[in-house]
Amino acid sequence: SEMTVRDALNSALDEELARDDKVYILGEEVGEYQGAYKITRGLLQKYGADRVKDTPITEAGFCGIAVGSAFAGLKPVCEFMTFNFAMQGIDQIINSAAKTLYMSAGQISCPIVFRGPNGAAAGVAAQHSQCFAAWYSHCPGLKVLAPYDAEDARGLLKAAIRDPDPVVFLENEILYGQSFPVTPEVLDKDFTLPIGKAKLMRKGKDLTLVAFSKMVGYCLTVAEKLSKEGIEIEVINLRSIKPLDRETIVNSVRKTHRAMFVEEGWPQCGVGSEIVTVIQEHAFDELDAPVVRVTGAEIPMPYAANLEIQALPQIDDIITAARKLAKK
Amino acid sequence: ASDKILIEVQPFSAHKIEAPSNKVETTLSELRAHYLFMYRMRRMEIAADMMYKAKLIRGFCHLYDGQEAVLTGIEAALTKQDSIVTSYRDHCHHISRGGTIEEVMAELFGRSTGATKGLGGSMHMYNRKANFYGGNGIVGAQIPLGAGLAFAHKYRKEPNVAITMYGDGAANQGQKYEALNMAALWNIPIIFVCENNHYGMGTAEWRHAKNSSFYTRGDFVPGLKADGMDVLAVKQVVSYAKKYALEHGPIILELDTYRYHGHSMSDPGSTYRSRDEINAMRTERDPIERVKKLLLANGFDAAELKKMDKEVKKEVDDAVEKAKAAPIPPDHWLWKNVYAAPANTELRKVDGGYNTPDYDPEYKN
């Protein structure tokens, strides 16, 4: 059967609310509005206003309240309408949620999930189009997950809610409506995916493409197309950005000897910077060519469609870079 | 000692609520307990001051001397099932929530026997079992956190409140107003305690707050102001506020107090206020002297008081010596408790290698 990413997230939340009464959801428009992107559709009706809490538009405040309640043992799922707005509460995410277990010498854990759409959507310009994967993955104490398909969305979100640590869960608005095949195993109410493990999406011998979230789909399309030209591409879906599954990446590079990373975020100190470093540290002698990055352009996102398209990696950009790298 | 003593404390100022009576009852044994606790705090902070100047304490160090009646009165009105969170000025909270002076001193010295085993330092002490949630180094961040603690009490239908303590400086923080609004909307049992020591670091209240009647700044949330140098006034107003918060939701308390030391050890505390002002506070409003006078006026044995003082001094001296002699944290503690579920995590070391962290809240391994 098939399932949209939206339904995968919605069903994961539903099942975890049913499983553990310490789990509750709070955020802007999560209740009566049914979710700004309908991820929480139906949950208020099913679980009531004590467990699906609409907040005012005050991210610093409700993010701090969520963290405080997690210190006390509840398991909040704190929805940000988009991660752009989480910057209003980022102090609580990093200084309070991520560091308190360590500062308290192991006394106070923070079982919380911060979730919402991250990165560029379409036509919403600079303040609403930014990838925060690199920002959060910088910080010890946080775990950072980014699902691509319905399987990822269900398995990772359920794992995140059950995890005793603070998890930043980066979704993608464009993917919400996309359908993906799901197995009965994925639909099981206890299906979870391990945090810190990447998934090999496609095997290949000529080139390794590494990506997360929406760019995984682009890389799979590119692999399909270049296969017809005789270039066999291996595609790795990171799933977890922190902890990072270095082993899967390095093992693939040992096989293909060529690697490329694709992300929509900005290049400097981006997730790709870390991937390139990992490869050169662990597989330098295996490389037949320098590792390549395809990233978002280093500019605030423009509004006009023709400009926006040039600010983000497109399938053709990845094809061009992949062809060039395969021939080196 | 169980004979009731009737005292009139300074009347409370009220905002959108009826003030509690300013006639309070106490006993010699209660006064004795308040005196003892405040004096222990005072001597501990004086010792911290000396040890800091002797360079045994690193980094930031914010002392609580002068403000002892605030915490003492609060704790007298609460149980350890009520949650508490405060700012970086937290040494005394560690004691009030069941910790020892030795643990505080050892933490300040960066020793393995410290309140947080040398990992937190002056600003980050906690006691999860006694519902003390820190110790927060970011001005104002403890306010929504405190609302979250209260949210959890309400969610679990517990008959308890949370107290979040912040200074007059933090009272201007935006996140305070965000937390206040949600607390009021959701009837969260939280007491916002503004410890007004009249200076946000070195900025006097009239220079940082357009309205420095902090108990009125909740707008729709009621507020009360009490003499924060009088432990009995504080206890009275907090007891009243706890009952109110459990029935109706948030309330603000402004407790008028004074810090004798500078903001932190790097602040001599004398460029933005006068020596005369500090001396006047010490001679006219000192919270410990106030209780001492009450004890003696009501027949408490002066010799017994002297004996108590001596014992406290000895307790603090012993704590300092034991803390000095305690071992520093072993190197491998560096990697503990970054995550509660560290599976698949490897953390990078300075030399480029990786370490597998462990979750070991008892520090057994």
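How many residues of domain 1 of chain A are in contact with residues of domain 2 of chain A?

**Entry 1: ground rules**

I am working with a predicted model, in which local features need pLDDT of at least 70, side-chain atom pairs count only at pLDDT 80 or more, and totals for chains, interfaces and linings use all residues. Residues are numbered from 1 along each chain as its sequence is written, and chains are lettered from A and ligands numbered from 1 in the order in which they are written.

**Entry 2: domains of chain A**

I took the bounds first: domain 1 of chain A covers 2–187 and domain 2 covers 199–327 (bounds from an automatic or database domain assignment). Their centres, taken over C-alpha atoms, are 26 Å apart. On the opening question, I found 23 residues of domain 1 of chain A in contact with 25 residues of domain 2 of chain A (contact: C-beta atoms, placed from the backbone, within 7 Å). On the domain 1 side, I noted helix 7 (133–137), strand 6 (143–145) and helix 8 (150–162) of chain A as the elements that give two or more residues. Helices (H or I, at least four residues) and strands (E, at least two) are DSSP runs, numbered from the N terminus. That side of domain 1 divides into 16 nonpolar, 5 polar and 2 charged residues. For these classes, Ala, Val, Leu, Ile, Met, Phe, Trp, Tyr, Cys and Pro count as nonpolar, Asp, Glu, Lys and Arg as charged, and the others, Gly among them, as polar.

**Entry 3: chain A overall**

I counted 14 helices and 14 strands in chain A. The radius of gyration of chain A is 20 Å, which agrees with the value near 20 Å that a compact globule of 328 residues would have (taken over C-alpha atoms; the globule rule is 2.2 Å times the number of residues to the power 0.38). The C-alpha trace of chain A spans about 60 × 45 × 40 Å along its principal axes. Of the 328 residues in chain A, 59% are buried. Buried means that 20 or more other C-beta atoms lie within 10 Å of the residue's own, exposed means 12 or fewer, and partly exposed is in between, with C-beta atoms placed from the backbone. Among chain A contacts between residues at least 6 apart in sequence, 78% join residues at least 24 apart.

**Entry 4: the sheet in chain A**

I traced an open sheet of 7 strands in chain A, in the order 3-2-4-5-7-6-12, with mixed pairing (two strands pair if DSSP finds at least two bridges between them). Strand 3 (52–54) and strand 12 (240–242) of chain A are at the edges with a single partner strand each, so one side of each has no neighbour in the sheet. From one strand to the next the twist averages 20° (axes are lines fitted to C-alpha atoms, for helices over the stretch in contact, and angles run from 0 to 180 degrees between N-to-C directions).

Which residues cover the two faces of strand 4 of chain A? I found Lys75(A), Val77(A) and Glu79(A) buried on one side, and Pro76(A) and Cys78(A) buried on the other. With 5 of its 5 residues (75–79) buried, strand 4 of chain A is therefore largely enclosed by the rest of the structure.

Next I looked up its partners. Strand 2 (residues 23–27) of chain A pairs with strand 4 in the parallel sense over 5 bridges. In that pairing, Leu26(A) stands opposite Cys78(A), and Gly27(A) has Glu79(A) as its bridge partner. Strand 5 (residues 113–117) of chain A also runs parallel to strand 4, joined by 3 bridges. Here Phe114(A) is the bridge partner of Cys78(A).

**Entry 5: chain B**

Chain B has 11 helices and 12 strands. Its radius of gyration is 21 Å, close to the 21 Å from the globule rule for 365 residues, so chain B is as compact as a globular protein of that length. Its C-alpha atoms fill a box of roughly 65 × 55 × 45 Å along the principal axes. Buried residues are 53% of the 365.

I checked helix 2 (residues 68–77) of chain B and found it mostly covered, with 10 of its 10 residues buried. Among them are Glu68(B), Val70(B), Leu71(B) and Glu75(B).

**Entry 6: where chain B touches chain A**

I found 39 residues of chain B in contact with 40 residues of chain A. On the chain B side, helix 5 (142–155) and helix 6 (174–185) each supply at least two residues. Helix 5 of chain B gives the most, with 9 residues. This side of chain B divides into 21 nonpolar, 12 polar and 6 charged residues.

How values were computed. Two residues are in contact if their C-beta atoms, placed from the backbone, lie within 7 Å.
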